[in-house]
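Walk through this structure with the sequence at hand.

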Amino acid sequence: RFMPVGARSKVGMSKIAPEFLKTCVQAVFDGSNDRKRKFTESIELQVGLKNYDPQKDKRFAGQIKLNHVARPTMRICVLGDAYHCERAEQEGVDFKTADGLKSFNKNKKLIKKFAAQYHAFLASDSMIKQIPRLLGPGLNKAGKFPTLITQAESLSAKMDELKSTVKFQLKKVLCMSVAIGHVNMDIGEASDNIKLAINFLVSLLKKNWQNVKSLHIKSTMGKSQRIY
């Protein structure tokens, strides 16, 4: 039976009591505070699926913008026209011009190394059209094809949008992990992001909650907490 995502979501989160979720998030935060790291730990949502055959079933993919910035330290590079390169320079963001990309000379190793330096890319309209010609399929293969940015959009707002977006994609295995927050956010924000991410994931699954085997949350270096 078809159910709108909103309705499905309300059914969805009743599977995890809000107070229980907050207790688990608190445990993740406590564990991180007990052993402070020299970097900001991410909070990851780890998903185990069941009753799925990646060989036969349609592989789902979807992304959602969460309410709070999930990955503040995400490295982003702007592939820009003159306007966006100037904006990037003003805001202290790495950028490359068309000439900068041409200098790779379609060298696969150099392009692969360049793609590995960043988590994501933004590109001006005129640049997006040139990327396949200048770089070949390198960024696409790395799963980092640039997101379009227009001159009407604020660069910092667009970067925050990227840092708040999580992607769920079924590949060959029945488990996945996504960063939905970090240990410097407050418990309410982390819980909010977790709820939104889970509801969205459940809406992508063919049998919704019947396909969810387990859900855990953990900080990068911490112990995992089972929430479902």
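How many bridges join strand β1 to β9, and in which sense do the two strands run? The model is a predicted one. Seven bridges link β1, residues 42-49, to β9, and the strands run antiparallel.

Now follow β9 itself. The strand spans residues 212-219. Seven of its eight residues are buried, so the strand is mostly covered. β9 also pairs with β10, residues 225-226. Two bridges hold this pairing, again in the antiparallel sense. Five residues lie between β9 and β10, and the two strands form a hairpin.

Next, turn to helix α3, residues 82-90. Which of its residues are buried? They are His84, Cys85 and Ala88. Seen down the axis of α3, the buried residues fall within an arc of 100°, so they line one face of the helix. The spacing has a simple basis. An α-helix has 3.6 residues a turn, so residues three or four places apart point the same way.

What does the buried set of α3 pack against? Its partners are β3 (76-79), β4 (94-96) and α8 (155-163). The other side of α3 holds exposed residues: Ala82, Glu89 and Gln90. Just after the helix comes Gly92, which takes a positive phi of about 70°.

Note on methods. Residues numbered from 1 in each chain as written. Predicted model: local features only at pLDDT ≥ 70, side-chain atom pairs only at ≥ 80, totals over all residues. Heavy atoms only, no water. Buried < 20%, exposed > 50% of the residue type's maximum accessible area, 1.4 Å probe, protein only. Helix = DSSP H or I, 4+ residues; strand = E, 2+ residues; numbered from the N terminus. Arc of directions from axis to C-beta. Contact = heavy atoms within 4.5 Å. Pairing = 2+ DSSP bridges.
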